[in-house]
Amino acid sequence: MLTIRKLCRSFREGGRVHRVLDEADAQLAEAQVVAVIGRSGSGKSTLLNLISGIDRPDSGTVKMGDLEVTALAEPRLTLFRRRHIGFVYQFFNLVPTLDVEENVRLVLELNGVRGAEARERSASMLASVGLADRARSAVDALSGGEQQRVAIARALAMDPIAMLFDEPTSALDPEMISEVLDVMVDLAREGMTMMVVTHEMGFASKVANRVIFMDMGEIVEDAQKTDFFGKPRSDRAQKFLSKILSH
């Protein structure tokens, strides 16, 4: 479904150029879950932003099937992202002046779905994440876990072909993490194609099909989860895992 070839992205910091992604290659098959892990600043979020079209690469390509996403002009890219890619961020990015159902329905209305159909679909999405009873609640009355589940419902509203998660639990208190991960586990069981940037090694080892390990802008390893957690090939991955799993 998704093919990434030689993606590069650099940013200028003062008088220096900092390369945050260096010729990244990866693939994501339909109904597959890929966990992207690595230290902060290793390029994980940049990778997701380039896949979704939020950002543009300096060079390289992103393809969804036969469609070259990186070649789309801005209006078509915006439509593609809105209609086909569900993106869930670390922070929830909900509209505080709208209630829970209105936050989900807003995405549908921006894409031309209105009236009874929009209300029915938003209600269905909220029910799928266990929040049917909070539809009329103000978003600031929800817990962090509930707000993130609203964000997932919103991302699912347009029935995307793939979901991208950028550290979806890192802003949550520990007791709220499981309720968000449970929703993501359900999505995986239903066959949703997902790429998940995460520090939750338990989720990665149980739910992901493959693990991408990044360091200093490079995809150092791209392996089946059993191979990665059993015996990573690179010294960098071994050191990373030894620090993470020792706590």
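This is a predicted model: local features need pLDDT of at least 70, side-chain atom pairs count only at pLDDT 80 or more; totals for chains, interfaces and linings use all residues.

1. Residues are numbered from 1 along each chain as its sequence is written, and side-chain values use heavy atoms, with hydrogens and water left out. Helices (H or I, at least four residues) and strands (E, at least two) are DSSP runs numbered from the N terminus.

2. An open sheet of six strands has the order β6-β7-β8-β3-β9-β10, with mixed pairing, where two strands count as paired if DSSP finds at least two bridges between them. β6 and β10 stand at the edges with a single partner strand each, so one side of each is left without a neighbour in the sheet. Neighbouring strands are turned by 15 degrees against each other on average, direction ignored; axes here are lines fitted to C-alpha atoms, for helices over the stretch in contact, and angles run from 0 to 180 degrees between N-to-C directions. Within this sheet, four bridges join β7 to β8 in parallel, and Phe 165 has Val 196 in β8 as its bridge partner. β9 (residues 210-215) and β10 (residues 218-224) pair in the antiparallel sense over six bridges, and they form a hairpin with two residues between them, where Met 216 in the turn has a positive phi of about 50 degrees.

3. A further open sheet has four strands in the order β2-β1-β4-β5, with antiparallel pairing. Its edges are β2 (16-28) and β5 (67-68), each with a single partner strand, so one side of each is left without a neighbour in the sheet. Five bridges join β1 (residues 2-13) to β4 (residues 59-64), and Arg 5 stands opposite Thr 61 in β4. Helix α1 (residues 44-52) lies across β1, β2 and β4 and runs at about 120 degrees to β1.

4. α6 lies across β3, β7 and β8, at about 150 degrees to β8. Its buried residues (under 20% relative accessible area, with exposed meaning over 50% and partly exposed in between, for a 1.4 Å probe and protein chains only) include Met 176, Val 180 and Met 184. They pack against β3 (33-38), α5, β7, β8 (194-197) and α7 (201-207), contact meaning heavy atoms within 4.5 Å. After α6 comes Gly 191, with a positive phi near 95 degrees. As for α5, 13 of its 13 residues are buried.

5. A nonpolar core is here a set of buried Ala, Val, Leu, Ile, Met, Phe, Trp, Tyr and Cys residues joined through side-chain atoms within 4.5 Å. In the largest, of 45 residues, Ile 152, Met 163, Phe 165, Met 184 and Met 194 touch the most other members. The largest share of this core, nine residues, comes from α6. Apart from it lies another core, of 27 residues, among them Leu 7, Leu 28, Val 34 and Ile 219.

6. Which residues of α2 (residues 74-84) are buried? They are Leu 77, Phe 80 and Arg 81, and they cover an arc of only 95 degrees around the axis, which puts them on the same side of α2; the arc is that of the directions from the helix axis to the C-beta atoms. The face turned away from this buried side carries the exposed residues Pro 75 and Arg 76.

7. Two further residues deserve a look. Asn 103, in helix α3, counts as buried at 1% relative accessibility, and its contacts, not counting residues up to four places away in sequence, include Leu 94, Val 139 and Arg 154. Met 158, in the loop between α5 and β7 (162-166), counts as buried at 14% relative accessibility.
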